[in-house]
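Hello,

Here is the structure I promised to pass on to you. Have a look at it first, and then read on for what turned up.

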Amino acid sequence: MNNSTEYILYLKDVQKRYNDKIVLDDIDLAVSKGEFCTVVGPSGCGKSTLLRLILGQEQPSSGKILMTGKPIQLPSPDRGIVYQKYSLFPNLTILKNIMLGKELSLPFIGRRRAKKKIRNEAMHYLGDVGLTEHAEKYPYQLSGGMQQRVAIAQALIMKPKILMMDEPFGALDPGTRENMQLMILKLWEENRMTIFFVTHDLEEAVFLGTRILILSQFYLHESSDKSEVQNGARIVADYPLESFAPSSTKVKETAEFGKLIQKIRYEGFDPEYFQHAARFNLEHSDSFQTLKGE
Amino acid sequence: MKKKGAWFLGIHADPPRLLRYILAILPFLLIVIIYIITSDIRHKENPYDKLVPSISNIGKALQKTAFSKDKRTGDILLVKDTCASLKRLFTGISLAAASGFILGVNMGMMPGIRGLVLPFIVFISNIPALAILPILFILCGVGETGKIMLIFLGTFPLIARDVYLAAKQIPTETIVKALTLGASQKGVIYRVVMPILIPKLIETIRLSLGAGWLFLIASEAIASQSGLGYRIFLVRRYLSMDIIITYVVWITLIAFIADFILKKWVAIRYPWYHEKKEV
C-alpha cells in the first residue's frame, strides 16, 4: 500500500451515521491524481452523502478523510463542485459567475488591474466551454446544458485539485447529455484534472470513467451469513475501466460495453444478489480494504 | 365562429386589449359618477352642504392648498405637508429596511444569531405598534424622533422576518458552491447571499409601505405641527371634506406611485428575480 499522502484523496474506515441509521459503512478509498472516478449505486445508497463528506459539507461519524495527506475541514477551493442545479448564482451574469471565485480572494489594493486580468481569464474559460457570445446573459436565459457548461467553467477557473460532480448531466436531454460527456472528457484530458463523478446512469459512468466505484447496500457482512440490508453502503466493486477515445459515443453501442453494464448492474444493483464482503471485486491498483476483525 | 361569452366570463375568457383597459377604468368611473350624483342631490337640498362637496369645491380646495401660499405662514401647505410626511416615512422605512435586512440575512445564515434574535423578533412583532405610541411620545418626545420610531418599530420586525425566511430558502448548494470558490464566511453572507436577496428586500419594502403610511398618519394625527396626517385631522374640526378628500386622493397617489416605481425598479434592475427557473 502506498503512503496516504501520495493520493489526492484518501478515505479510511469512513462511516456516516444519522442518529442510529448507518448510511455509509467502512469506506476505504484512495484516488490518484488524474483519475476520472465515476461513482454509481442504487438510489438512496449514499452516493451524495459520500460526496458531501469529501466536500467537507458534513463530517464523518468515524474514520478519516485526507486530501494530499491533510484532513479535510470545511468546503474549500481545492475541491470544486458542479451540482445538477443551483450551481450558478442567479443574480450574476455568466461572465460574473465565472469571475466570482477569483474576485472573492482579491485584496483591496490594485483591484482594478486584477479585475481586468480575471476578466480575460474568465473569457478564456468561457471560450473553452463554447459560450463566449453569452457572457453578458443571466443564467435563466440559458438552456440547461449551457448552464452546466458555465458551472464547469466556474469551477475550473479555481483550478481545484479534484473536481466533484454530482449528477451534473442528470437533468439534460439525451443529445445534450452526450455532447456534455464529450466536452468533459476533452476538458479532463486538456487540463489533466482529477474528477470524482457521481451519477445514476451506468452508461455514462462506464463511458466517462477510468475507474468505477460501485456503492451498494446489497452485500454480505463479513461477520454474518445473513443478508443484512440494514447495513450502510460500502464500495462493493472498484476496478479500472478501459478509456474510450473522447471523440465519439459510438462505443456505447458495442456488445462489450453492454456486457460491462450488465455486470455492474448485477454487482451493485441487484437486491437478490449478495456478495460476501471479503470477495468484492477490488481490482483497481489503488483500492484497498480493511475488513472488520483484522 | 368564436365561442360566445369567452371574452369576459369563465376561466377561459380572453378579453381583448381595449376591453381590458375599459374594465380597469370602469370601477373608478363608477365611483366618480355615484359621487357626483350624490353631491348634486345634496346640494339641491342645501347649497351649503359640506359633507359631500361638489367637484368644483374640491377644485377650489386643491387651488387653496396646492397652488397658493398660506396667508399666515407664506408656505404652500400641500408641499410643506408632503415634504414633512415623506421625510418621516422615508427615514423610518429606510432604518427598518437596513436593519431588518442585515439582521434577517444573518439570522438566515447563522444558527447562533438565529437562536439569539429570532424568538425576540417574533415576540416584538406581536406588539401592536400603535399601542406603544404613548410610550414613544413620552420617551422620545412629540418631535420627529417619536414618529420615526413608530414607523421603524411597526415595519422592522416584518422586514426582518421576511428577509430571514428568504435567506433560509437559499439552497445549501449555493452556499457550499461559494465556499468552494474561496468565499470566507463573511464573503458568503455579504457578497453572495445579500446581493441575491436585495430584490426580495425591495418587495418586502413595498408590502411594508402600507403599514408605514398607517403609522405615519396615526402619529401625525396625535401630535404634530405639519404633515399630511396632521392637516387631515386638523381640518376635520371644520368639517372641511373638500380638503380631506383632496389630501386622501393625494396620499393614495403618492403611495401608488411609490409602489409602482419600486416594482419597475425590481423588473428593470433585477430581471432575473421573477424568473422561477432554477439555476
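Which residues touch the most other members of the largest nonpolar core? In this predicted model, they are A:L9, A:I54, A:I98 and B:V163, out of the 126 residues that make up that core. As general background, nonpolar side chains in soluble globular proteins tend to be buried together.

Next, the strands of chain A. Four of them form an open sheet in the order 2-1-4-5, with antiparallel pairing. Strand 2 (21–31) and strand 5 (70–71) of chain A each have a single partner strand and stand at the edges, so one side of each has no neighbour in the sheet. Further in, strand 1 (residues 9–18) and strand 4 (residues 62–67) of chain A run antiparallel and are joined by five bridges. To find that pairing on your screen, look for A:Y10, whose bridge partner in strand 4 of chain A is A:L66.

Another antiparallel pair in chain A is strand 9 (residues 211–216) with strand 11, joined by six bridges. Here A:I214 has A:A237 of strand 11 as its bridge partner. Strand 11 (residues 234–240) of chain A is mostly covered, with five of its seven residues buried.

Now to the place where the chains meet. Chain B puts 21 residues into the contact and chain A puts in 26. On the side of chain B that touches chain A, the elements giving two or more residues are helix 7 (172–180) and helix 8 (185–222) of chain B. Helix 7 of chain B gives the most, with six residues. By class, this side of chain B has eleven nonpolar, four polar and six charged residues.

Last, a helix pair within chain B. The axes of helix 2 (residues 55–66) and helix 10 (residues 241–269) of chain B come within 8 Å and cross at roughly 70°, which means that helix 2 of chain B is roughly perpendicular to helix 10 of chain B. Helix 2 of chain B makes the contact through B:N57, B:I58, B:K60, B:A61, B:L62 and B:T65, while helix 10 of chain B uses B:D242, B:I243, B:I245 and B:T246. Sorted by class, that helix contact has five nonpolar, three polar and two charged residues.

Enjoy exploring!

Best wishes

Notes
Residues are numbered from 1 along each chain as its sequence is written. Chains are lettered from A and ligands numbered from 1 in the order in which they are written. This is a predicted model: local features need pLDDT of at least 70, side-chain atom pairs count only at pLDDT 80 or more; totals for chains, interfaces and linings use all residues. Axes are lines fitted to C-alpha atoms, for helices over the stretch in contact, and angles run from 0 to 180 degrees between N-to-C directions. Helices (H or I, at least four residues) and strands (E, at least two) are DSSP runs, numbered from the N terminus. Angles under 35 degrees count as roughly parallel, over 145 as roughly antiparallel, 65 to 115 as roughly perpendicular and the rest as oblique. Two residues are in contact if their C-beta atoms, placed from the backbone, lie within 7 Å. Ala, Val, Leu, Ile, Met, Phe, Trp, Tyr, Cys and Pro count as nonpolar, Asp, Glu, Lys and Arg as charged, and the others, Gly among them, as polar. A residue is buried if 20 or more other C-beta atoms lie within 10 Å of its own, exposed if 12 or fewer, and partly exposed in between; C-beta atoms are placed from the backbone. Two strands pair if DSSP finds at least two bridges between them. A nonpolar core is a set of buried Ala, Val, Leu, Ile, Met, Phe, Trp, Tyr and Cys residues joined through C-beta atoms within 7 Å.
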